[in-house]
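Subject: Handing over a structure, with notes on what was found

Dear colleague,

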Amino acid sequence: MNKEEMKRRTKLFALRVIRLVESLPKGRASEVLGRQLLRSGTSVGANYRAACRAKSRADFISKMGTVEEEADESMYWIELLVESGLVRHDDVADLLDEANQLVAITVSSIKTARSNK
């Protein structure tokens, strides 16, 4: 996957997260979980863009590690929303799948960068 496509996908992921958080029912749990998801989900793309501007291979690997962590954390918050009954799995299955794909792509990029040393 090229850099521009990954930038597009991570931004679209953030926008989908924003829409999900905005649609959550009102309540304390939704507020707390939504805030956490909003932070991790929107930071995936921001950190990917930072990785694209890395000053060295080590810097790239480090920044991509943050992308991986944030995408995985987003999956965690979405899973909690589902398992707590705040959202239906069917309503977020595609978003969970996209988060999982972003993690896989990121892990693959990190492995490639490490092997090219």
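In which helix does L12 lie? L12 lies in helix α1, which covers residues 3-23, where a helix is a DSSP run of H or I with at least four residues, a strand is a run of E with at least two, and both are numbered from the N terminus.

Before going further, please note that this is a predicted model, in which local features need pLDDT of at least 70 and side-chain atom pairs count only at pLDDT 80 or more, while totals for chains, interfaces and linings use all residues. Residues are numbered from 1 along each chain as its sequence is written, and side-chain values use heavy atoms, with hydrogens and water left out.

The overall chain

The chain has four helices and zero strands, and from the N terminus on its elements run α-α-α-α. Because its radius of gyration (taken over C-alpha atoms) is 15 Å, close to the 13 Å that the globule rule (2.2 Å times the number of residues to the power 0.38) gives for 117 residues, the chain is as compact as a globular protein of that length. Taken along the principal axes, the box that the C-alpha atoms fill is roughly 50 × 20 × 20 Å. Of the 117 residues, 38% count as buried, where buried means under 20% relative accessible area, exposed means over 50%, and partly exposed lies in between, with a 1.4 Å probe and protein chains only.

L12 and the nonpolar patch

L12 counts as partly exposed, because its relative accessibility is 38%. Although L12 and E98 are 86 residues apart along the chain, their C-alpha atoms are separated by 9.9 Å. L12 also belongs to a nonpolar patch on the surface, together with L15, I18 and L38, and these residues have about 280 Å² of accessible area together. Helix α1 gives the most to this patch, with three residues. A patch is made of residues with over 30% relative accessible area and no salt bridge, with nonpolar side chains (Val, Leu, Ile, Met, Phe, Trp, Tyr) joined within 5 Å and like charges within 9 Å; the accessible areas come from the Shrake-Rupley method with a 1.4 Å probe, and for residues only the protein chains shown count as cover.

G41 is found in helix α2, and G41 counts as buried because its relative accessibility is 0%.

The charged patches

For charges, Lys and Arg count as positive and Asp and Glu as negative, while His and the chain ends are not counted; the place of a charge is taken as NZ of Lys, CZ of Arg, CG of Asp or CD of Glu. With that in mind, K11, R49, R53 and K55 form a positive surface patch. K11 is found in helix α1 and is exposed, because its relative accessible area is 52%. A patch of negative charge on the surface gathers E69, D72, E79 and E83. Of these, E69 is found in helix α3, residues 57-83, and counts as exposed because its relative accessibility is 54%.

The salt bridges

How many salt bridges does the count come to? The count comes to seven, with a salt bridge taken as a side-chain nitrogen of Lys or Arg within 4 Å of a carboxyl oxygen of Asp or Glu.

One of them joins E31 with R35, the closest N and O atoms being 3.1 Å apart. Because E31 and R35 are four residues apart in helix α2 (residues 28-52), about one helical turn separates them. E31 is partly exposed, with a relative accessible area of 41%, and R35 counts as partly exposed at 35% relative accessibility.

D59 and K63 also meet in a salt bridge, at 3.0 Å from N to O, and because they are four residues apart in helix α3, they too are separated by about one helical turn. D59 counts as partly exposed at 21% relative accessibility, and K63 counts as partly exposed at 26%.

The side chains of R88 and D91 meet in a salt bridge of 3.2 Å, N to O, and both residues are exposed. Salt bridges that share partners also join R28, E31 and R35 into one network.

With best wishes
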